[in-house]
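Visitor: Hello! Could you walk me through this structure, one step at a time?

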Amino acid sequence: MITNKLKTILLVIVATVTMTFTSCDIDNPIPYDPPAIIGTWELAYDNIGPIDPGSAYVTKFAFYFDGTGSFGFFNKLGFWENSPFSWNLPYGGYVSMTYNDGYVEREYYRFVNGYLEISATSSFYKYTGYRSVPRSTK
């Protein structure tokens, strides 16, 4: 009787150890679809109307696959400036951007007819629309 109990316990231990050391195939990771927000986006319009691509009001967002990005704009002297940030998509339809100076910006986003629309509020009462900028082949 004791030997049957020992055999049962040994069998449970062997099964547990076997299951513990069985793992997924590392060479075939689960496919990951990158978020649609990845890319470079140039200001095209706001809730009032279109923005002239050559104007000083043009801004650009760049979201990179590694979770970094930048916001580009013309400064008060008319020179183009880039502010780097790290970003993530926590939940709730917004993007969280943390700039190098520690400032955190949370903006709601959505896609409308291929444009990225960004707003400070979930109602999108005021928003800006960005067109995708093709990647350079250089």
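Visitor: How many strands does the closed barrel have?
Guide: Welcome! Keep in mind that this is a predicted model. Its strands run in the order β1-β2-β3-β4-β5-β6-β7-β8, with antiparallel pairing. Strands of a sheet pair through backbone hydrogen bonds. The closed barrel is made of 8 strands.

Visitor: By how many degrees are neighbouring strands of this sheet turned against each other on average?
Guide: Direction is ignored for this angle.

Visitor: Why is strand β5 described as largely enclosed by the rest of the structure?
Guide: Strand β5 covers residues 94-99. A residue is called buried when its relative accessible area is under 20%. Strand β5 is largely enclosed because, of its 6 residues, the number buried is 5.

Visitor: What is the bridge partner of S96 in β6?
Guide: Strands β5 and β6 run antiparallel and are joined by 5 bridges. Their hairpin has 4 residues between the strands, with G102 at a positive phi near 95 degrees. In β6, S96 has as its bridge partner R106.

Visitor: Which residue in β7 does Y109 stand opposite?
Guide: Strand β6 (residues 104-112) runs antiparallel to β7 (residues 115-119), and 5 bridges join them. The residue in β7 opposite Y109 is I118.

How values were computed: Residues are numbered from 1 along each chain as its sequence is written. This is a predicted model: local features need pLDDT of at least 70, side-chain atom pairs count only at pLDDT 80 or more; totals for chains, interfaces and linings use all residues. Side-chain values use heavy atoms; hydrogens and water are left out. Two strands pair if DSSP finds at least two bridges between them. Helices (H or I, at least four residues) and strands (E, at least two) are DSSP runs, numbered from the N terminus. Axes are lines fitted to C-alpha atoms, for helices over the stretch in contact, and angles run from 0 to 180 degrees between N-to-C directions. Buried means under 20% relative accessible area, exposed over 50%, partly exposed in between (1.4 Å probe, protein chains only).
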